[in-house]
Amino acid sequence: MKTGYDYVILGGGSAGCLLANRLSADPACSVLLVEAGSRDWDPLIRVPMMAGIYYRTKIHNWAYLTEPEPHLDNRRIEWPRGRVLGGSSAINGMVYTRGNRFDYDQWAQLGLREWSYERLLPYFKRFENFEDGANEFHGAGGELPVTTPKTPWPLFDTFFEAGQQMGLSFNGDFNGETQDGVGRYHTSSGGGERWSTSRAFLDPVRDRPNLDIVTSVTVLRVLITNGRARGVAILAQGMKCEVAAAREVIVSCGTISSPAVLMHSGIGPAEELSAQGIPVVLNSRNVGKNLQDHLNLRLEYTSHKEDPLFALRRIDKAALNILRALFFKSGPAASFPLQAGAFLRSRPDLAAPDLQFHFLPGVSSGRIRAPFLKVPDGVYEGYGLSCNVCHLRPESRGEIRIVSNDPLERPAIKANYLSVEADRIAIREGVKRVRELFRQPAFADYRGDETVPGTQVQTDAEIDAFVRRTAGSIYHPVGTCRMGVDQESVVDEELRVRGIDGLRVVDASVMPNLVSANTNAPTIMIAERGAAFIQKTA
């Protein structure tokens, strides 16, 4: 690592990996990518089924917890985020959904004209390598494989049939003309393996002489002189050092850490910074605000027939299948089980779907059992069926706050779920719609008893209590460095931090509103769009 570069990218996650690829494509530019986590040396990262382990443990995972959530019975909610090159793309469920056309056109209506669906579609297509080739909605020849898993489990077809019986259309492409309906998800996987952004965008270019990648590095602050970002202060191998950035510092640390980096650099709400003893460089009141996330919960049923995940919940069989996937790229562990889902509306008058289902042909993969040992009392370990329901367009807003002037101390996460009545109504309706789905004739040969929440939960008040007791994140936080055309926004339309030259934020934190889908693909797109803005002005 040298002491100076043209570009310094903070964060080697879903956005930072693509940025490093694109900016280092110009041999005249020197680029440094710094990542707090380790290199992605772990071969098990490539095994799709390992996602269920990685986001439940601290392996490659920041394993954040929110503050007690007042509308979720004061529970602290788990927020896994990737702590490794590739970021959360190295530990997520690989569902590749872009969101609805409506989402991006709403951004454009806020004045962000460069962020309409029509203008963004080429940037999605640019990095895709769609398995069926290029067409109106998909790109081919890009670095990231986008495939449709074809695991031949009959329960997926049963789910599709039930969805159509309840009035949903079958949708062969959630990223195509329309989002509504029931169908299979695309995934960021290929050849029986996960494709993280590190694998897709860094592996082909690691040997570029103008690109340095350093890991296990803590960002202390951005160095700002006379209103311009001049470099960064970092902690590497226990030593503090400074690295100059001749052109730009690009913050791509994610929705939690990007605002924290800005605040520790003196950019943020002046009162909050002063309270922590941080000199105020720029009073930017919305840094850390506008936090949004998708709330999710799961309904579970017993099944009259064996489900395909039953055997995989036994630890010895799970281990054998993981090894099979690792060495032969085949078997059930070579794909992730959340392959089928649906997008639908909690009310018929909505302009776009606001509910998303993820169907699981079994019960939670977290219930691993050892052979020959007694099952704990009260834990169901038989055959089952499950479905997640996720509320896509919450009105509730939270915030990220730093709690001291020490950059090594984790910020406080206040998601503020269900603080708006409309969100409570929507997720309640989602519970009812999942129940409607499982009542369809298609599930008659499988469906047993409802175990979660159970038939004793019927009234709206009882459903609301179930939501408060069990709902959690589906791990899609965005919005804490809001993009906008107004002077109160943290970054402008080209992702430049307002009031500071030579500084951008490029990651999911810039989303003004949460998109109606899993957020990994939109985050990669934001990096592709951001790279184009940067290269235009280079």
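Leucine 320 sits in helix α9, which spans residues 315-328. In this predicted model, Leu320 has a relative accessible area of 59%, so it counts as exposed, the cut-off being over 50%. Leu320 also belongs to a nonpolar surface patch of about 500 Å², which it makes up together with Leu323, Phe327 and Phe328.

Turning from the surface to the inside, rolling a probe the size of a water molecule over the atoms shows where empty space is left. Here the count comes to two cavities of 30 Å³ or more. Sorted by class, the residues around the largest cavity come out as six nonpolar, three polar and two charged.

Asn92, Met94, Val95, Tyr96, Ser188, Asn520 and Ala521 form its lining, with β5 (95-96) and α12 (520-537) each supplying at least two of the residues. No charged residue turns up in the lining of the second largest cavity, where four residues are nonpolar and three are polar.

A few spots in the loops deserve a look at their backbone. Most residues other than glycine have a negative phi, and most peptide bonds are trans. Serine 216 has a positive phi of about 55° even though it is not a glycine. This serine lies in the loop between β12 (211-214) and β13 (217-225), and Ser216 is partly exposed, with a relative accessible area of 47%. Tyrosine 475 is another non-glycine residue with a positive phi, in this case near 75°. Tyr475 is placed in the loop that runs between β25 (472-473) and β26 (503-505); at 26% relative accessibility, Tyr475 counts as partly exposed. As for the peptide bonds, the one from valine 452 to proline 453 is cis, with omega near 5°. Proline 453 falls in the loop between β24 (447-452) and α11 (460-470).

Serine 116 is also a loop residue, found between α3 (101-109) and α4 (117-127). Its relative accessible area is 12%, and because buried means under 20%, Ser116 is classed as buried. Serine 116 and histidine 294 are 178 residues apart along the chain, and their C-alpha atoms are separated by 22 Å.

Terms used
Residues numbered from 1 in each chain as written. Predicted model: local features only at pLDDT ≥ 70, side-chain atom pairs only at ≥ 80, totals over all residues. Heavy atoms only, no water. Patch = residues over 30% accessible without salt bridge, like charges linked within 9 Å, V, L, I, M, F, W, Y side chains within 5 Å. Areas by Shrake-Rupley, 256 points an atom, 1.4 Å probe, with all protein chains shown as cover. Salt bridge = Lys/Arg side-chain N within 4 Å of Asp/Glu carboxyl O. Helix = DSSP H or I, 4+ residues; strand = E, 2+ residues; numbered from the N terminus. Buried < 20%, exposed > 50% of the residue type's maximum accessible area, 1.4 Å probe, protein only. 1 Å grid on protein atoms, 1.4 Å probe; cavity = no way out; pocket = protein on both sides within 12 Å on 5 of 7 lines; lining within 4 Å. Points joined across faces, edges and corners; volume = space filled by probe spheres on them. Nonpolar A, V, L, I, M, F, W, Y, C, P; charged D, E, K, R; others polar.
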